[in-house]
Amino acid sequence: MTMKTNILIMLLLVATISFAQNNENQFSETEIQQLVDEHNKWRVEVGTDSLIWSEDLAVIAQAWADKLAKTCNMVHSDNEYGENIYWTSAVSNPEEVVNSWASEKKYYTGQKITSNNYSKFGHYTQLVWYNTTEVGCARAACKGGGEIWVCNYNPAGNYLYEKAYGNND
């Protein structure tokens with residue numbers, strides 16, 4: 001082999017190793033099922049249809065989680081999907097993450113969303129939003145420790161002057 005070929009092979013190996021390291025936080029099939037099941041547990045309670053996993057949404061969520069992991073600031077993206085973000089200083093699991101968002105249920109009594117009440121229960125209402133059909137999630141290890149989790153939802157929810165579920169008249 002020529003020196004040029006050896007260098008190209010070495011660069012390809014480095015890129016492959018780097019890609020594998022950057023994707024080490026991808027979910028197992030069991031974790032994906034847990035994420036979907038935890039979402040659907042809360043949706044069943046209020047009569048909204050079950051969600052299905054979207055690999056496309058998971059890829060979008062992973063890109064955002066990877067970006068957030070550099071500083072671990074919880075900032076929402078400007079994509080077209082609904083989004084929930086979770087940060088922990090430790091290692092977490094699907095049940096803990098989804099149940100953290102769902103804990104806002106105590107503040108939501110079926111009212112229409114306004115700019116004044118949204119911050120109290122917006123994670124929960126996105127989780128159970130009446131016409132959302134898909135979810136895709138990701139996690140990334142924060143540079144300074146801990147994890148950041150992102151879930152994207154399609155179609156998005158949390159529209160002002162609408163209810164998360166039930167009669168929207």
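Reply: A disulfide is a pair of cysteine sulfur atoms within 2.5 Å. This is a predicted model. It holds 2 disulfides.

Start with Cys-72 and Cys-142. Their sulfur atoms are 1.5 Å apart, and they form a disulfide. Where do the two cysteines lie? Cys-72 is in the loop between helix H3 (55–68) and strand E2 (82–88). Cys-142 is in the loop between E3 and E4. The pair therefore ties together parts that are 70 residues apart in sequence. Are Cys-72 and Cys-142 buried or exposed? Both are buried.

Now the other link. Cys-137 is joined to Cys-151 by a disulfide, with 2.0 Å from S to S. The angle about the S-S bond is 105°, and the link is right-handed. Cys-137 sits in strand E3 and Cys-151 in strand E4. They are 14 residues apart, and the pair links distant parts of the chain. Check the accessibility next. Buried means under 20% relative accessible area. Cys-137 has 2%, so it counts as buried. Cys-151 has 0%, so it is buried too.

How do the links pair up along the chain? Number the bonded cysteines of the protein chain in sequence order. The pairing is then 1-3, 2-4.

Next, the rings. A pair of aromatic rings is described by the distance of the centres and the angle of the planes. The structure holds 7 aromatic pairs. One of them is Trp-129 with Tyr-130. Their ring centres are 5.4 Å apart and their planes are at 40°, so this pair is tilted. Trp-129 has 0% relative accessibility, so it counts as buried. Tyr-130 has 33%, so it counts as partly exposed.

Trp-129 also pairs with Tyr-159. Here the centres are 6.3 Å apart and the planes are at 65°. Why is this pair called edge-to-face? Planes over 60 degrees apart count as edge-to-face, and 65° is the angle for Trp-129 and Tyr-159. This pair links distant parts of the chain. Trp-129 is in the loop between helix H5 (118–128) and strand E3 (134–141). Tyr-159 is in the segment after strand E4 (147–154), and the two are 30 residues apart. With a relative accessible area of 44%, Tyr-159 is partly exposed.

One more group of rings remains. Tyr-108, Phe-121, Tyr-124 and Tyr-165 are linked into a cluster by ring pairs.

Key
Residues are numbered from 1 along each chain as its sequence is written. This is a predicted model: local features need pLDDT of at least 70, side-chain atom pairs count only at pLDDT 80 or more; totals for chains, interfaces and linings use all residues. Side-chain values use heavy atoms; hydrogens and water are left out. Rings of Phe, Tyr and Trp (its six-membered ring) pair if their centres lie within 6.5 Å; planes under 30 degrees apart count as stacked, over 60 as edge-to-face and the rest as tilted. Buried means under 20% relative accessible area, exposed over 50%, partly exposed in between (1.4 Å probe, protein chains only). Helices (H or I, at least four residues) and strands (E, at least two) are DSSP runs, numbered from the N terminus.
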